[in-house]
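I opened my notebook next to the viewer today and jotted down a few things as I looked them up. Here are the entries, in the order I made them.

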Amino acid sequence: MAATGTRTAKGTAVHPLTKRKAWNALKAHHKQIQSTHLRKLFDDDPKRGEKFALEELGIYLDYSKNRITSKTLALLLDLAKESGLRARIDAMFRGNKINITENRAVLHVALRAPRNESILVDGKNVVPEVHEVLDKMWSFANRVRSGEWSGHTGKRIRNVINIGIGGSDLGPVMAYEALRHYSDRKMTFRFVSNVDSTDFAEAVVDLDPAETLFIVSSKTFTTLETMTNAHTARDWFLAKSKANESAIAKHFVAVSTNSTEVAKFGIDTANMFGFWDWVGGRYSMDSAIGLSTMLAVGPDNFRAMLSGFHQMDEHFRSAPFERNLPVLLGLISVWYNNFFGAQTVAVLPYEQYLKRFPAYLQQLTMESNGKHVTLQGKTVNYQTGPIYWGEPGTNGQHSFYQLIHQGTRLIPCDFIAFGKSLNPIGRHHDMLLANVCAQTEALAFGKTAKQVKAEGTPGWLVPHRVFEGNRPSNTVLLDRLTPEALGKLVALYEHSVFTQGTIWQIDSFDQWGVELGKVLAQRIIPELESKDEPKLAHDTSTNAIIRRCRAYKKAS
């Protein structure tokens, strides 16, 4: 085996990516079809729209508007097999420590496993622990929602503020916005993540502390941004309520594993909800990190969301790759990223409740697969994670779609839509769905110069009104946005990320890239706060910026 190779969980040799037979076959195949237009692909196969579509678990995936043929798909599936994808999936579900740089299992799938399942970590079944925490969350949520749990004055809790950052914020924010239709409208939910004081100030500006509950989400209870905001919240509560410190226990709960620091803060450790080191932050929205979600939508809806997650987990684990939704999405992304040189993926939900879904996916995808070395620590000689971005339709159509349609960059798109609206009003939903269909059609087939001329367009204007087309997209359709549907959708992308990371031979579950800036910030904070002029030893640019920031502060 080559020195830069790897092995699957069963010990089978996996060659370096660029040495694999399927990889090189795909390179040759790409040269043959790279200039083939989607118009020709559809003309050549009258049943293409049916052939390259799949319905599983109530999700309809149309991937026919991609620049692929049956041969492309066969070669991509060969690449998945040569990359040991099946063995790596099995290793994850077995609880193997596939996060090698941190020597940890990767078991977000255990967070939504049914009570009677067994998933082992170091020989111990972790599913009972998961359900113990879920049951504790269930009990607490019911007490708060019913009014049984009240603030220190006896007032009912009407405001919930989640304090976290990264996965402890993006998941809960996205889930709350996505499931707002199902939320208790008598309660207000807000989220504080940024260490910028404005984030906190605006979150509490109109709240009564006697009716406010803070959820502080930090595994170690030492995360700089989270704990800075938590202490500010503590000070705000004590100052505004004029209560003594014993009242903190009625207005603060913790999602953490550090009982010592939680107790020191003033939170009763009976109101501490734990999680595990085999759950990465960006995969944790269905753990205790989702306590705010459960408070908003209720335990039954939260469990329905978990059921959706689990259904997609089982599909990913058991479905053959040619009918496996996450595998197909992941392989198509690899096709554009590595063979067409596409640098980004646009995620375009035609559902206002999913307005934060692209932001959530940014962390899920880019923190997972933004890696430049293989599992063996060798520098890659190919592109890894693409940039994910997006906004809800139809808003995006009036801004960045211009570049997707007529710009010089190839931007594969995922369109997400639902057959039924949760708020049916007149013709709105038909118009929304019509735009989904129209945009994917326009991107694929465009408008030729001949068609533009036939409309009577002056010759000089024709080039400006030509749409080249041949812009690829997937369409993901579901019946309606329910908690169960949201679980399926998030897990679909989680496992697509896993598929891509496996192909690229990278560790999708660590995030060392976030560390350096945090370490340097700790060094710079005292330099900004020092009363005396500090001796700076950074580069000349950073030194100058620090001095300018100190000057602004002094002038105020």
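**After a helix ends**

I began at the residue that follows α14, Gly341, and found a positive phi there, near 75°. A reminder to myself: this is a predicted model.

Next I stepped back into the helix itself. I noted that α14 covers residues 325-340, which makes 16 residues. From first C-alpha to last I read a reach of 22 Å, close to the 22 Å expected at 1.5 Å a residue. Is α14 enclosed or open? I found 16 of its 16 residues buried, so the rest of the structure largely encloses this helix.

**A helix pair**

I then turned to α21 (residues 515-529) and α22 (residues 540-555). Their axes lie 9 Å apart, and I read a packing angle of about 40°. The two helices are therefore oblique to each other. I also wrote down that α21 passes α22 in a right-handed crossing.

Which residues meet here? From α21 I listed Ile524, Glu527, Leu528 and Glu529, and across from them in α22 Thr542, Ile546, Cys549, Arg550 and Lys553. By type, I sorted the residues of this contact into four nonpolar, one polar and four charged.

**One histidine**

My last stop was His131, which sits in helix α6 (residues 127-146). Is His131 buried or exposed? Its relative accessible area is 7%, and buried means under 20%, so I put it down as buried. Setting aside neighbours within four places in sequence, I found His131 in contact with Ala113, Pro114, Arg115 and Arg303.

Methods: Residues numbered from 1 in each chain as written. Predicted model: local features only at pLDDT ≥ 70, side-chain atom pairs only at ≥ 80, totals over all residues. Heavy atoms only, no water. Helix = DSSP H or I, 4+ residues; strand = E, 2+ residues; numbered from the N terminus. Expected span 1.5 Å × (residues − 1). Buried < 20%, exposed > 50% of the residue type's maximum accessible area, 1.4 Å probe, protein only. Axes fitted to C-alpha atoms, helices over the stretch in contact; angles between N-to-C directions. Parallel < 35°, antiparallel > 145°, perpendicular 65-115°, else oblique. Left-handed = near helix turned anticlockwise from the far one by under 90°. Contact = heavy atoms within 4.5 Å. Nonpolar A, V, L, I, M, F, W, Y, C, P; charged D, E, K, R; others polar.
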